[in-house]
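Here's a quick briefing to read alongside the model. Have the sequence and the 3D view open while you go through it.

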Amino acid sequence: MSSTPNSASSQAERVPAGDEPVLSVRHLRVEFPTRHATLVALDDISFDIAPGEVLGVVGESGAGKSMTGNAVIQLLEPPGHIAGGEVRLSGRRIDDLAEDDFVPLRGRHIGMIFQDPLTSLNPLFSIGDQLIETIRAHLPMNDSQARERALELLREVGIPAPETRLAAYPHQFSGGMRQRVVIALALAAEPELIIADEPTTALDVSVQAQILALLKRLCAERGAAVMLVTHDMGVIAETADRVAVMYAGRLIEIGPVGEVIRHPRHPYTEGLMASIPGITKRLERLYQIEGAMPRLAAIPAGCAFNPRCPHAKARCRSERPELMAAGQSLAACWLHDPVDPLPREPVGQGTDDATQEAR
Amino acid sequence: MSQHAERGDVVVPARPGRLRTFLDSDIVYSWKQQPVVIVATLVTLVMFAGALFAPWITPQNPFDPRQIDLIDAFTPPLTTSDFTGTFYLLGSDSQGRDVFSAILYGSRISLLVGFAAVLFALVLGTLLGLSAGFRGGWRDALIMRVADVQLTFPSILMALLIFGVIRGFLPRSMHAEVAIIVLIVAIGLSDWVQYARAVRGATMVEKSKEYVQAARVIGLPDRKILVQHILPNVMRPVLVIGTIGLALAIIAEATLSFLGVGMPATQPSLGTLIRVGQDYMFSGEWWILLFPGVALLMLALSVNLLGDWLRDVLNPKLR
Amino acid sequence: MLAFLIQRVLQAIFVMFVVALIAFSLFHYVGDPVLNMLGQEATEADRDMLRSQLGLDQPVVVQFWQFIVNAAQFEFGISYRSARSVSELILERLPATLELATISAIFAVVMGIVLGIYTAIQRGNWLSKFIMTASLIGVSLPTFLIGILLIYLFAVELGWLPAFGRGEVVDLGWWNTGLLTGSGLRSLILPAITLGLFQLTLIMRLVRAEMLEVLRADYIKFARARGLSRRVVNLRHALKNTLIPVITIIGLQLGTIIAFAIITETVFQWPGVGALFITAVRFVDIPVMAAYLMMIALVFVIINLIVDLLYYAVDPRLRVQGGAK
């Protein structure tokens, strides 16, 4: 399937900051065996995240964004499993670790924040209990030291009067406060990598910005790398340094956030950006990409986007494009083939009004 | 799509026969997938057939004293009696009764009581549930409170109690004669609540739908609405409960008879046979206990498995 | 908390009232108690005398009130069959039933929870599958058949354990116990397993289903993401959340143990109140039936109350008032 893996990996290895990446993912493949067929949920994913960097991961639901985060921290729902490629954390290979060897990494080296703060905390244990058990699982502290640390963490994430809140249960907190507690829990042992899976989706808009700012500040202070999974380009624009775009289980474009927003290189990204109100320019009507993302069981041959792509040619239907240099970004599209780039069709120019006629 | 609709002369595909449709259905597919269910079906069918055709299959009628020879008592299985020359497949009991015949006739009673009790509970529960759900008001309150209190107690206890009460009203001499009817009523009465609850719920859902409202507005009598519109819609959950209920009713009958408050020894069901056979457990005549026990075991297990499977296939939500 | 408690107690009193009404109606309308007690040969004068002695010539409401007052003092009149005081009969046999029921309940709850957790965590391994299949058979089989099977295997064939009775009993004056003698304990094993097996399979399946549900919850995934060990996640976080919904049903199941003791006691000729009740049903001994009914109802009501309180103790969402929700 992947014709030229070497070129793709060498391209993806360009890390902006220059030093060793915290997270390095190469050709990651995740499969879900089902009764009828084996579904490929993630196909040949490669990217890096540098220390202190925030990588935004965007895509429609089902594109594999959350799956990527779950695969990195090895919390895939069975029967899903990593079927190929490798994951390195600060240079150390971790995808082949057994579950028992992986447990010490979670929380200590990789922290994770989930979408819904209302359900992320166990309702039957007090905030203090959950903090202290997490701290003591990772750091050599006794109960009272852990309690001090818990108070300090709650203070850091902006919980007022933490002394009085330690004994409180999750249901006594508001959604935003709960997500602060979740962040405190994820950061308790100062992991080098934070995977935030839609951390603000379930929150009120007014709280979203506060939580993002908090997350960004705390990670910057600690030099932690962040993988920020979201479907909200606004969140990405505000928070991320680089952005990775996913489609049908594949990584189709990755690059600096401003570059991807202003100069999307993959036709899908173009459509995605054009469909977001006010991110590039004011439009009377929002752009809509024809069709829908294919189901995992029915991903077309060649480029997964080809049935919806206005530029698609015969080659797109047979040969799968790897990530290729496109401006400052990398895009998996034959339009950017360094040897023989496909010509662009005039109709499909992203924000062009002509495409709307098709509706 | 739209093109098809415009054309008047759409070719209707040849309609498959009913049998064909049935064989292609999900139920049959699911049935074929589970060997346990296939075995359970076969066992159930064999036992039902054995019970139904008992008079033609069995060598003797165990209830007819003239056909029984006391001299053949305690003949071991697979033995021909030295006295009468009768062959006993599963041995004979203390009365010289053929155990094989007794089991088939016993299953007949067990199944009869089981089916009749389920039918009784089903009809009673459906009527009360319809009344509670459709009329509401004090009827609903009364029926549901009674149901709540009854649900507090296990149904076997209810059956025992009802059995005792009915007996209290009957003269002692009639006890043995009407045992089978008392048993059916007791088990049926102890089990109507589930049907009533399901029917009430379904009725209330159905009642609020527009077609029923419309039917009421045009002045269709309540009776007609209930029978023509609501009843067909509430039958599915009722039948699902009924399939599980059959296994429970068979077990309840066996239990009551075993406890000595069900079928008398002169008209034994499987439970009675086991109770009688228990006395011979220690004296070496194991077959008098073992074979009725195995028969009940197979019947209860296979009907139960079948009921479970049917419930899952017909209504996965009811789990 | 107080309001909740009062509400529950009122509800319990209502149930007891209804059951008392039923028990009273039994007593009053099923057969003629005077005829039952004196037999056919008594004279009309004898009957009238007994009638007024029993208060049967009073208005029904007064009789019902008297019935309740008596019941509250554990006074249920005279057994038609044995002509002894019903309360005496019951008190004499209650320890046997309570010991059997308690041991069965402990067996069912402990084994049910342990096996439920095991089959949920180790889903898919052969032992779990075996346990699940076996439990299906256990649920399908009538209790008395299981009892007979155990007797046949362990008493008749192997001869390890007694087949019936309670063994040697120590009389403590207010209580007679079989728990203090070897033969008493050995006699308890088979009946306790028989009685507990059905509840065990039920509890096990329930715990397993609930645990599988909980293991899918977000907070479990987050607990794992926080780096807590599998042990802590399964046995601390998942288990506690599993047990809350399970407690109610376990509580109700324990109530049915007392009722199902009727069957076990008959199989094992255990001298408890269940066997007493069966005899009463067989001979239409209404006072004993009424008393037994009231007793069972009381047990159920008390268990329900305890379950509610336990709920309160375990779930902070109920315990702590206020908070943002």
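What follows is a short tour of chain C, its contact with chain A, and a few strands of chain A.

Keep in mind that this is a predicted model. Chain C has 13 helices and 2 strands, and its contact with chain A takes 23 residues from chain C and 26 residues from chain A. Over in chain A, strand 3 is worth a look, since 5 of its 5 residues are buried.

**Chain C overall**

- Chain C runs to 325 residues, and 40% of them are buried.
- Take the contacts in chain C between residues at least 6 apart in sequence: 70% of these join residues at least 24 apart.
- The chain C domain assignment gives domain 1 (2-72) and domain 2 (93-284).
- The centres of domain 1 and domain 2 of chain C, taken over C-alpha atoms, are 36 Å apart.

**What UniProt lists for chain C**

- An unreviewed UniProt entry lists "domain: ABC transmembrane type-1" for residues 94-311 of chain C.
- In the model, residues 94-311 of chain C are 80% helix and 2% strand, with 29 Å between the end C-alpha atoms.
- Under "transmembrane region", the unreviewed UniProt entry lists several spans of chain C, including 12-30, 100-121, 188-207 and 291-314.
- Residues 100-121 of chain C come out as 100% helix and 0% strand, and the end C-alpha atoms sit 31 Å apart.
- Residues 291-314 of chain C are also 100% helix and 0% strand, with the end C-alpha atoms 35 Å apart.

**Where chain C touches chain A**

- The contact draws on 23 residues of chain C and 26 residues of chain A.
- On the chain C side, helix 9 (218-225), helix 10 (230-267) and helix 13 (316-319) each supply at least two residues.
- Helix 9 of chain C gives the most to that side, with 7 residues.
- By type, the chain C side splits into 9 nonpolar, 5 polar and 9 charged residues.

**A closer look at Phe144(C)**

- You'll find Phe144(C) in helix 7 (residues 143-157) of chain C.
- Phe144(C) counts as buried because it has 27 C-beta neighbours inside 10 Å, and the cut-off is 20 or more.
- Leaving out residues up to four places away in sequence, Phe144(C) touches Thr255(B) and Phe258(B) from chain B, plus Ile263(C) and Val267(C) from chain C.
- Phe144(C) and Leu195(C) are 51 residues apart along the chain, and their C-alpha atoms are separated by 9.0 Å.

**Strand 3 of chain A**

- Strand 3 (residues 54-58) of chain A is largely enclosed by the rest of the structure, because 5 of its 5 residues are buried.
- In a regular strand, side chains alternate between the two faces of the sheet.
- Here Val54(A), Gly56(A) and Val58(A) point one way from strand 3 of chain A, Leu55(A) and Val57(A) point the other way, and all are buried.
- Strand 3 of chain A runs parallel to strand 8 (residues 225-229) of chain A, joined by 4 bridges, and Val57(A) stands opposite Val229(A) in strand 8.
- Strand 3 of chain A also runs parallel to strand 9 of chain A, again with 4 bridges, and Val58(A) stands opposite Val245(A) in strand 9.

**An open sheet in chain A**

- Chain A has an open sheet of 4 strands in the order 2-1-4-5, with antiparallel pairing.
- Strand 2 (38-49) and strand 5 (92-93) of chain A are the edge strands, each pairing on one side only.
- Strand 4 (residues 81-89) and strand 5 of chain A run antiparallel and are joined by 2 bridges.
- Arg88(A) has Arg93(A), in strand 5 of chain A, as its bridge partner.

**Confidence in chain A**

- The average pLDDT of chain A is 83, and 88% of the residues score at least 70.

Notes:
Residues are numbered from 1 along each chain as its sequence is written. Chains are lettered from A and ligands numbered from 1 in the order in which they are written. A residue is buried if 20 or more other C-beta atoms lie within 10 Å of its own, exposed if 12 or fewer, and partly exposed in between; C-beta atoms are placed from the backbone. Two residues are in contact if their C-beta atoms, placed from the backbone, lie within 7 Å. Ala, Val, Leu, Ile, Met, Phe, Trp, Tyr, Cys and Pro count as nonpolar, Asp, Glu, Lys and Arg as charged, and the others, Gly among them, as polar. Two strands pair if DSSP finds at least two bridges between them. UniProt positions are given in the numbering used here, feature names are shortened, and annotations may be inferred rather than shown by experiment. Domain bounds come from an automatic or database domain assignment. pLDDT is the predictor's confidence in each residue, from 0 to 100.
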